[in-house]
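Could you walk me through this structure in the viewer, one selection at a time? I would like to know what to click on next and what I will find there.

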Amino acid sequence: MKVVSERFRKAKVWGIARMESRLYLRSRELWIGLAIVWLALVGMMWVHWPSPPELLFTLGDFVPVPMTALVTILAVTMGFGREERESFGDIWNSLPVRNADQYWGKIWGTRTVMAVFVFNWLLVLPVVWYLSDTAWSPSAASTLVGYVAQVAAALLLGIGIAASLHSAIPNVWVRAAVGVGIILAFSLVQRFDFDDSTQWGVLLSPYIVGGVPYGHSSLFGMFPWERAVLWHVLFQIGASLALVALGGVMYQRRRDPARSVYPGAAAVLCLVALAGVSAAMYQRHWRDVDQTVLQQMAYDAGTTAPAAAVSGGLPATGTAATLLSVIAYDLTINAAEDGVWHIVAALTLAGVEGGGRFPLTLHHQWSVLDVAGPSVARWEREANVVWMELRDDAAPTVTITYAGRPFLWHRWAGRLSPFHFVSARGGYLTPLMAWYPLPGYRQLVDASDGYLRLNGEPMLTAPAEFWVQWSGPQSMSIVSNLADWEREETDGRQNATFRGHSDGVSIFFGPLERERAGDLQLAGASSLVRWGTELSEPYEKLYAFYAALLGRSIPREPVIIVPDWLLNIYTEYRWSPLERLGRYPLLRTSPLLGAVHVLGERELVAAVAAAREWRQTQTVESFFAATEWLHHGLLQSVWGRPHVHRSYLQNPVHKGLAEYTVLQWAHFVAGTDFDSERFEQTLAGRPRTAEERLAAQVLSSLQQLEQTHGRSAVQRLLGLAYDRLETSELDWGDFQALLQTVRGEIDAVGQPES
Amino acid sequence: MELIIEGLEKRFGNFIALQGIDLTVRTGMFGLLGPNGAGKTTLMRILATLIPKSKGRVRIGSFDLDREPHKVREILGYLPQAFNTYRNLTAAEVLDYVALLKGIVDAKERRKEVDRVLEQVNLSRRSRDKIGTYSGGMKQRVGIAQALIGNPKLLIVDEPTAGLDPEERIRFRNLLGEISGDRIVILSTHVVADIESVCTDLAVLNQGKLVYRGTPEALARRAEGKVWSLTLDAGELSRLNEVRILARRQTANGLQIRCLSPSRPSPHATQVAPTLEDGYMATVGSEAAGMAS
């Protein structure tokens, strides 16, 4: 009898599930809800079209995914309350079906709702990919998995909330309202900073890929937040299933009190444990990262200057100003499959004559294996410093061998993201964090106000010669601020050589694809580089203008497309010249790759959209928008030299020169439409620090020069300044000298005819 | 099979809906009469295992309602007062679903059973139409059909003819008469005519208490010697004392009334044989029948 009755029970549960499926498919709520989600999806994509699909989904999921959860709650709430609404409740409850079986039959029936929405999303993804004409890439797989997991978790969450509310609240409309309120509340929590108090809310938020704590990118997918996302999804699944189980227990307890609740309660406890462990692991992950950030900041900011005296004197803190300097670097990098880098750095030193004890700054996350050289007597490691004792006959060369896989996090606006890291998936290394030995002692960061700021002072007193050889996994590609010398693939390894004269070497690597359109070279995620080629025409116009203005051939710097989250660390502020042109650019004080153009993924998409609009409309506004970020990069490459890893804006003379060239650009593009008077009024109205006043003075000097000696005089001065920056910065005295030189030249030969 | 109710009480907060109900019902058609608010539906819902009782004991066959509600549901067919069902499904689909939930897991058997009840309620030709397209009477027939699925031993039918037109009502009564067979059928209604035509046994509830238990004939006899017919002028009506008007009709000769009174209300009054309704009114004593002032 027991076997037969068990068979009957299962047949009833599945019968209810099948009927529920049929009723869902015939219900208006489900199809209207699906239409609403479709509209939201299409609407969001329309607003952001054209964009690569990964970005579309990152931008587009803010509405469609929570909408999916909302619609699911409403549809399932209506489904659970169907008998009451159809006035079939009394018969339903008088049938010989155990109330738990009724409940589980209805739960199984919601698989239709899940199937409809998951199918909907699976249908959308390839369609969007096809329409966007984008190639499949590893990050695309990551996006797809992330989205399906996200949608499935959101659906489960909606079902869990609806199922548990059904047992707690009798009225179907009140249940629906409460369910919607819960989802809305947890969606809105992501509007706030991500800290201890909002982490729990984020866990229950119905979207992940575009969520606050994470930074999805076309290049890296969900890296490096994959572990957090995994715990997030597991928590949602566990919590959702726990809610479902709890609903079942409550339902049964209410309608069938004689039946034991222990099995159901045990299931609830297990699922709550799963959710609890996932939440704890999630919290722990962020706590560990937060602790890491604090430790890193405390270590790198608070690491005291070496106590021992050094030859030639050494400032206790601060800059790299020291008698020790490096005039040439030869770096050989071997990147292993597991992400560990092994580096042999051969340094040609200056200022070590007579021997002594000298410090080199190398970030402590690199393990120094050896310091060798003809004159090296001894060496030791102290925090971020490598001490070398050199004998009297100090030869100017020393070789430091070190290895590691540094990973530095940073908290910005509540978000935690890596800003200097090496991994098997890719990475970015800034010379400001001493990934190769810097001369002297250098405090790498300042965290006095609680915010991490990189030490932006020049790393070298003068640019050095760099020769960098990199060997890495086949799937990886690398870019640097130095010029490409050679690239080849041998024995399943990628090899690249860079060389150049620079203030430092920055590195960005990952599964980069390359594209070329005319003189425009692009490197980045495969779904983005093909888009970027649409910038070739604006790029060429921009470079041609500056070449003509300066009378010099300007190197065509490549454009590197990086994940948006990589740009989080840098201070952002507005620069007024381009404000007056209707744009509000946000500049980065520490260029990622020196003079090389760096665009975030969304910046690239915005620029491409503007370029397309410009091709169609030829408006000034669209052209400015298309060239905005390229322009900033070009200004850095022109006026940021020789210390290209330090923003040109930090030097008031360079800034004044840049403001003048931007003004000329504005006149060139906008012609008579450009209101220079208003522009100058804005300049005059800016808060004036001493540097601001100096920059303004440079600008007005150039304008005066143009008035008194003609445009060619200014062009001559700009050309001379450009040449000078090859080796050293300009200060006010240098600028005055150039002014005098140009005036003198013009006065001697007479002004050219205008 | 017997339905035995002993000392049944049901409270909703301070309000006593049922009190001291003792009842034994055997196989056949049993009527439960009572005015609106008497407690009929409350009693039906308790028997249908939808709401718990506050006190007392109920046995249905060998099953105790409290300890074995699931067993009771297995032998139960229930048509509630306001019946409706999934409008987007056909009658065949609904009945198939109910049959499955009642334990008929074999698909062929279910189809046979569904066809049988559809035939019984004369809905075979419309079985593939969606219930949302049915008339009120047709929906009620679907209701009784689902109650009949699985050949239940206890059939509870609560106000089944409410809202039906006279033709549908007669058809429904005839149907009920056909199905009593070897099961207990409890027909709860405030329409006396429904009971009169089909029930051989009945009880009357009023204000939560059982005020009559017996046959329809015996109920009618309660009004024997108390039912009068007379014709009078409208102005004379107010002079009648202790009279409950059962019916009035304006004729060419004046106002013809049928009334309930312990004694002859007027010299012109003629005693008439009481009907079941008269006996019901004599038992319930409702003021809505229109007492003369």
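**Before you start**

Please keep in mind that this is a predicted model.

**Stop 1: chain A as a whole**

Select chain A and switch to a cartoon view. You will see 23 helices and 24 strands. Of the 754 residues in chain A, 58% are buried. The contacts tell you how the chain folds back on itself: of those between residues at least 6 apart in sequence, 72% join residues at least 24 apart.

**Stop 2**

Keep the surface on and select Trp38(A), Val42(A), Trp49(A), Phe119(A), Leu123(A), Val127(A), Tyr130(A) and Leu131(A). Together these residues make a nonpolar surface patch of about 840 Å². Which helices each supply at least two of the patch residues? They are α2 (28-48) and α8 (111-132) of chain A. The largest share, 5 residues, comes from α8(A).

Click on Val42(A) for a closer look. Val42(A) sits in helix α2 of chain A. Its relative accessible area is 42%, so Val42(A) counts as partly exposed.

**Stop 3: a four-stranded sheet**

Go back to the cartoon and find the open sheet of 4 strands in chain A, whose order is β5-β6-β3-β11 with antiparallel pairing. Its edge strands are β5 (376-382) and β11 (438-439) of chain A, and each of them pairs on one side only.

Next, select residues 356-361 and 385-390 of chain A. These are strands β3 and β6, which run antiparallel and are joined by 6 bridges. For one pair to zoom in on, take Pro359(A): its bridge partner in β6(A) is Trp387(A).

**Stop 4: salt bridges within chain A**

Over all chains, the structure holds 39 salt bridges. Show side chains and begin with Glu534(A) and Arg615(A), which form a salt bridge with their closest N and O atoms 2.9 Å apart. Where in the chain do Glu534(A) and Arg615(A) lie? Glu534(A) is in the loop between α14 (526-532) and α15 (536-550) of chain A, while Arg615(A) is in helix α17 (residues 601-617) of chain A; the pair links distant parts of the chain, 81 residues apart. Are the two partners buried or exposed? Glu534(A) is buried, at 18% relative accessible area, whereas Arg615(A) is partly exposed, at 41%.

Move on to Glu540(A) and Arg556(A), whose side chains meet in a salt bridge of 2.7 Å, N to O. Glu540(A) lies in helix α15 of chain A and Arg556(A) in the loop between α15 and β21 (559-562) of chain A, so this pair ties together parts that are 16 residues apart in sequence. Glu540(A) is partly exposed, with a relative accessible area of 29%, and Arg556(A) is also partly exposed, with 26%.

**Stop 5: a salt bridge within chain B**

Bring chain B into view and select Lys53(B) and Asp66(B). They form a salt bridge, with the closest N and O atoms 2.3 Å apart. This pair links distant parts of the chain, 13 residues apart: Lys53(B) is in the loop between α1 (40-47) and β4 (55-60) of chain B, and Asp66(B) is in the loop between β5 (63-64) and α2 (69-74) of chain B. Lys53(B) counts as buried at 14% relative accessibility, and Asp66(B) counts as partly exposed at 49%.

**Stop 6: where chains A and B meet**

Finally, show both chains together. The area buried between chain A and chain B is about 2700 Å², and carbon and sulfur atoms give 61% of it. On the chain A side, select Arg26(A), Glu86(A) and Pro96(A): these residues lose the most area to chain B, together 22% of what that side buries. The contact takes 28 residues from chain A and 28 residues from chain B.

How many salt bridges are found across this interface? There are 4 between chain A and chain B. To see a salt bridge between the chains, select Asp90(A) and Arg45(B), whose closest N and O atoms are 2.5 Å apart.

Notes
Residues numbered from 1 in each chain as written. Chains lettered and ligands numbered in written order. Predicted model: local features only at pLDDT ≥ 70, side-chain atom pairs only at ≥ 80, totals over all residues. Heavy atoms only, no water. Buried < 20%, exposed > 50% of the residue type's maximum accessible area, 1.4 Å probe, protein only. Contact = heavy atoms within 4.5 Å. Patch = residues over 30% accessible without salt bridge, like charges linked within 9 Å, V, L, I, M, F, W, Y side chains within 5 Å. Areas by Shrake-Rupley, 256 points an atom, 1.4 Å probe, with all protein chains shown as cover. Pairing = 2+ DSSP bridges. Buried area = accessible area lost by both parts, 1.4 Å probe.
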